[in-house]
Amino acid sequence: MDLIRKLTAAEAAAHLRVSLQTLAKWRVSGDGPPYLKFGRRVLYDFNDLEAWAAGRRRRSTSCVAATEVLTRGASTTRSRAR
């Protein structure tokens with residue numbers, strides 16, 4: 001049986017070694033890992049945290065992830081349309 005562990009926001013922040021406030025800001029901006037919401041309770045799936053973190057792996061400071069290129073392109077398009 002594959003048990004998927006759910007982490008509280010505090011546990012997820014500790015696992016990622018970021019502050020609880022950073023994790024909260026990422027939820028607002030949509031830049032962070034996927035999360036589950038049950039009323040006021042926020043939980044993170046351990047596997048989602050690992051997958052999200054793996055997607056942020058870089059080989060150099062000039063390396064840009066494909067999602068960042070897409071995000072930058074969308075924001076540039078929006079700013080030009082104004």
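Is Trp52 buried or exposed? Trp52 is buried, with a relative accessible area of 16%; here buried means under 20% relative accessible area, exposed over 50% and partly exposed in between, using a 1.4 Å probe and protein chains only.

## Ground rules

This is a predicted model, in which local features need pLDDT of at least 70 and side-chain atom pairs count only at pLDDT 80 or more, while totals for chains, interfaces and linings use all residues. Residues are numbered from 1 along each chain as its sequence is written, and side-chain values use heavy atoms, with hydrogens and water left out.

## The sheet

Let us start with the strands. Three of them, β1, β3 and β2 in that order, form an open sheet with antiparallel pairing. Strands (E, at least two residues) and helices (H or I, at least four) are DSSP runs, numbered from the N terminus, and two strands pair if DSSP finds at least two bridges between them. The edge strands, β1 (6-8) and β2 (36-38), each pair on one side only. From one strand to the next, the twist averages 40°.

β1 and β3 are joined antiparallel over 3 bridges. Across this pairing, Leu7 has Tyr44 as its bridge partner in β3, and Lys6 stands opposite Asp45. β2 and β3 also pair in the antiparallel sense over 3 bridges, with Leu36 opposite Leu43. The hairpin of β2 and β3 has 2 residues between the strands, and Gly39 takes a positive phi near 65° there. Since 4 of the 5 residues of β3 are buried, this strand is largely enclosed by the rest of the structure.

Helix α3 packs on the sheet, touching β1 and β3, and its direction makes about 65° with that of β3. For such angles, axes are lines fitted to C-alpha atoms, for helices over the stretch in contact, and values run from 0 to 180 degrees between N-to-C directions.

## The nonpolar core

The largest nonpolar core has 10 residues, among them Leu7, Leu23, Tyr44 and Trp52. A nonpolar core is a set of buried Ala, Val, Leu, Ile, Met, Phe, Trp, Tyr and Cys residues joined through side-chain atoms within 4.5 Å. The elements giving two or more residues to this core are α1 (9-16), β3 (41-45) and α3 (46-54). Its largest share, 4 residues, comes from α1.

Contact means heavy atoms within 4.5 Å.

## Rings and a charge

There are 2 aromatic pairs in the structure. Rings of Phe, Tyr and Trp (its six-membered ring) pair if their centres lie within 6.5 Å; planes under 30 degrees apart count as stacked, over 60 as edge-to-face and the rest as tilted. Trp26 and Trp52 make a tilted pair, 5.1 Å centre to centre with 50° between the planes. This pair links distant parts of the chain, with Trp26 in helix α2 (residues 20-29) and Trp52 in helix α3, 26 residues apart.

Tyr35 and Tyr44 have ring centres 6.1 Å apart and planes at 50°, so this pair is tilted. Tyr44 counts as buried at 0% relative accessibility, whereas Tyr35, at 36%, counts as partly exposed. Arg27 lies over the face of Tyr35, at 5.9 Å from the ring centre. A charge sits over a ring if NZ of Lys or CZ of Arg is within 6 Å of the ring centre and within 35 degrees of the ring normal.
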